[in-house]
Amino acid sequence: MRKTILILLWPIFSIGQSIGFIDIVHEKKNEPFMEVSANKNGGTTVFDRTYRSRCVGTYEIRWTFSKDLSLLQPGESFDVTLQCVRCSTPCGYKWGIADIMASNNVLKIPGYPGYTYNGNIGLAGKSGKSSGVFDWQPAQLSNTYTFTYQPKKSAPLTAIALTIAGHRIYYVFGEGTKPVSNGINCHTLLGLGKLVNSLELGAYEGYPWDWMDKTIDYALNHINASNCLSDAYLKGLKSRMQGAGDTNAFYAEIRSYSQKLESEVESSCSACSSCPQ
């Protein structure tokens, strides 16, 4: 399937054997439906999964990096901590919810026909007794993987990939790529506006609080990825709405926040005036 890019692309310069972070690609499945918010610091996703017996499981997966992955030099290592923040599998089902693959297991990258298989980012170790994270063993709710970038052959592109409920999220690196500073991510602001509009509509229609809660999570992910907006209001709203019987009571304040968000973007994210509409 066609890739979804959630971050800005970096310009390319020749700097030898180092590699730079250039892209995130989400290879989607139809089921379960999943939106991913990710950047070079990590990412998160919240989703439901319906099983054959019509039992419904709820999941929140998060991953974080031990360092800024803008640039990796030969021999340099980094950790990825993968967590089942909230995982609830019903009806006795057991399955590997999420895992991470080193580059020697990445056979292709959607949208990159020139990618060639390589093992330039290898797995050096993990904290869990087995791979991945899942909820039927409490000790396996979190797993920290150590990767090392050690070029084995010249390859224009290399990648690691997360597998989450059949979806794949590729972190793509380019040989000879130089990053820019951690600037404002204009693309996330477009998605944030749609999510806040959804919250406003949801409150107007009195949608259930758990639907609103998940939408707030998606909006918070976009705010964190934008690098220019405050998450204080939405975090407070999430806390106050927990278990609410009537979400319509929050409509007026969400509408007010939606109207103020445009001016906050103009004042705090001025660099985005050059973003394509």
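Helix α3 (residues 232-241) has Leu234, Leu237 and Met241 as its buried residues. Look down the axis of α3 and these buried residues fall within an arc of 60°, so they line one face of the helix. That arc is taken from the directions from the helix axis to the C-beta atoms. Buried here means under 20% relative accessible area and exposed over 50%, with partly exposed in between (1.4 Å probe, protein chains only). Just past α3, Gly243 has a positive phi of about 75°. Helices (H or I, at least four residues) and strands (E, at least two) are DSSP runs, numbered from the N terminus.

A quick word on the model: it's predicted, so local features need pLDDT of at least 70 and side-chain atom pairs count only at pLDDT 80 or more, while totals for chains, interfaces and linings use all residues. Residues are numbered from 1 along each chain as its sequence is written, and side-chain values use heavy atoms, with hydrogens and water left out.

Now the cysteines. Counting a disulfide as a pair of cysteine sulfur atoms within 2.5 Å, there are two disulfides.

| Pair | S to S | S-S torsion |
|---|---|---|
| Cys55 and Cys91 | 1.7 Å | about -80° |
| Cys84 and Cys87 | 2.0 Å | about -90° |

With its torsion of about -80°, the Cys55 and Cys91 disulfide is left-handed. Cys55 sits in the loop between β3 (42-50) and β4 (56-65) and Cys91 in the loop between β6 (76-88) and β7 (98-101), so the pair ties together parts that are 36 residues apart in sequence. The Cys84 and Cys87 disulfide is left-handed too. Cys84 is buried at 7% relative accessibility, and Cys87 is buried at 18%.
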